[in-house]
Amino acid sequence: MTEAAARAFALAACVLLGACASSGTVVLLPEKDGRPSTLAMKQGDREVVLTEPYAAANATPLGPRSYRSSAGEVEARFGSALAAQPSRAASFTLYFIEGKDEFTEESKQVVDRVLSEIARRPVPDVLVVGHTDTVGNDAFNDALGQQRAESVRSALIRLGVPASDVRAISRGKRELAIPTPDGVAEARNRRVEIVVR
Amino acid sequence: MSISFARAAILSIALCVVAPAGAADIGQIKVSKGQVTIEREGRAVPAAVGTRLQIADVVKTGANGSVGITMDDDSLLSAGPNSMLSLDRYAFDPTTRNGRFDASLNKGTLAVISGRIAKQAADSMTIRTPAAILGVRGTEFVVGVND
């Protein structure tokens with residue numbers, strides 16, 4: 001049977017037998033922060049692209065078919081899956097005193113909030129991310145960011161966070177808080193982010 | 001060998017050394033209700049809260065089960081009852097945020113909030129169902145497979 005004939009047969013089956021059954025469904029949900037989002041459903045070379053909240057598609061023998069879902073339908077079918085969603089990651093930023101390996105006064109208070117966020121979660125894992133300003137090349141800044149992150153990791157361990165739950169990584173100068181050209185000293189870019197999840 | 005290359009090589013070795021013992025860990029079970037198991041290398045492993053996940057793990061829920069997973073790139077996956085989710089392929093570099101994540105929902109229902117991998121590059125995260133492939137481009141969505 002050619003593909004065209006197969007499609008005609010599937011269409012006839014749909015119409016005559018009511019067998020145009022969906023084998024799977026996807027529904028795009030509203031984003032928490034209202035950002036636009038996109039999802040594509042592909043079956044072979046046939047594709048539908050979803051871009052609006054509650055835009056949905058069914059996989060059918062004739063390829064993806066888009067339709068409009070609703071909050072009610074999502075809750076009825078996906079309520080259990082959504083109820084099991086883990087808490088989103090919480091992120092905190094600590095700044096260093098200019099030229100020192102020591103936190104600013106405000107940042108010391110942030111540490112208390114980090115510890116209570118860790119205590120709130122049943123199985124916390126913590127990622128400490130070192131960031132630098134743009135003075136120096138990537139290799140230098142990756143190492144510097146790692147060193148910053150490691151020192152904060154050690155501090156968290158001293159404060160009672162189990163070592164196996166905390167990991168230190170570096171983003172170097174790839175994620176500037178304050179955009180600057182290369183080679184600019186900027187204290188607000190020299191920071192450590194603590195992600196609790 | 002240039003100095004910068006040598007330095008990068010030393011740094012990458014250093015980063016390997018500081019990685020935790022379970023370097024193959026790609027995510028963690030954060031929520032586990034009712035019957036939930038992980039199939040790993042042909043064996044069934046209990047899926048208690050806190051269990052670390054590896055590539056090729058298959059997470060299964062029973063009729064009263066549901067499970068919530070946080071991946072290393074902050075992707076959140078949660079499955080409802082009678083579901084089967086395979087973590088087929090996963091790679092993530094936290095420094096560059098480049099990576100690749102392919103999972104399959106063979107049956108049941110799944111809710112997804114995509115993470116750093118999908119945000120960093122288009123077409124770097126997919127969810128397969130028996131009939132279709134979903135290309136994720138930074139998004140929250142739900143997927144269901146019909147019996």
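I took helices (H or I, at least four residues) and strands (E, at least two) as DSSP runs, numbered from the N terminus. I set the expected span of a helix at 1.5 Å times one less than its number of residues.

I noted that this is a predicted model, in which local features need pLDDT of at least 70, side-chain atom pairs count only at pLDDT 80 or more, and totals for chains, interfaces and linings use all residues. Residues are numbered from 1 along each chain as its sequence is written, while chains are lettered from A and ligands numbered from 1 in the order in which they are written.

**Entry: chain A overall**

I recorded four helices and nine strands in chain A. Along the sequence they follow the pattern α-β-β-β-β-β-α-β-α-β-α-β-β. I called a residue buried if 20 or more other C-beta atoms lie within 10 Å of its own, exposed if 12 or fewer, and partly exposed in between, with C-beta atoms placed from the backbone. Of the 197 residues of chain A, 34% count as buried.

I then turned to helix H4 (residues 138-158) of chain A: its 21 residues should span 30 Å at 1.5 Å a residue, and its end C-alpha atoms are 30 Å apart, which agrees. The buried residues of H4(A) include A:Leu144, A:Val152 and A:Leu156. After H4(A) comes A:Gly160, with a positive phi near 110°.

**Entry: what covers H2(A)**

I listed A:Val74, A:Phe78, A:Ser80 and A:Ala81 as the buried residues of H2(A). I counted two residues as in contact if their C-beta atoms, placed from the backbone, lie within 7 Å. The cover over these buried residues includes strand E1 (24-28) of chain A, together with strand E6 (66-71), strand E7 (76-79), strand E9 (99-113) and strand E12 (140-145) of chain B.

**Entry: the contact between the chains**

I found that 45 residues from chain A and 46 residues from chain B take part in the contact. E12(B) gives the largest share of the side of chain B that touches chain A, six residues. E1(A) and E12(B) run antiparallel and are joined by five bridges; two strands pair if DSSP finds at least two bridges between them. A:Leu28 has B:Phe141 of E12(B) as its bridge partner.

**Entry: nonpolar cores**

I defined a nonpolar core as a set of buried Ala, Val, Leu, Ile, Met, Phe, Trp, Tyr and Cys residues joined through C-beta atoms within 7 Å. The largest has 53 residues, of which A:Val26, B:Val67, B:Leu110, B:Leu134, B:Phe141 and B:Val142 touch the most other members. E9(B) supplies the largest share of this core, seven residues. A second, separate core of 16 residues includes A:Val114, A:Ala168, A:Ile194 and A:Val196.

**Entry: A:Gly183**

I located A:Gly183 in the loop between strand E8 (166-172) and strand E9 (191-196) of chain A. A:Gly183 is exposed because 10 other C-beta atoms lie within 10 Å. The C-alpha atoms of A:Gly183 and A:Thr134 are separated by 4.9 Å, although these residues are 49 residues apart along the chain. Not counting residues up to four places away in sequence, A:Gly183 touches A:Thr134 and A:Val135.
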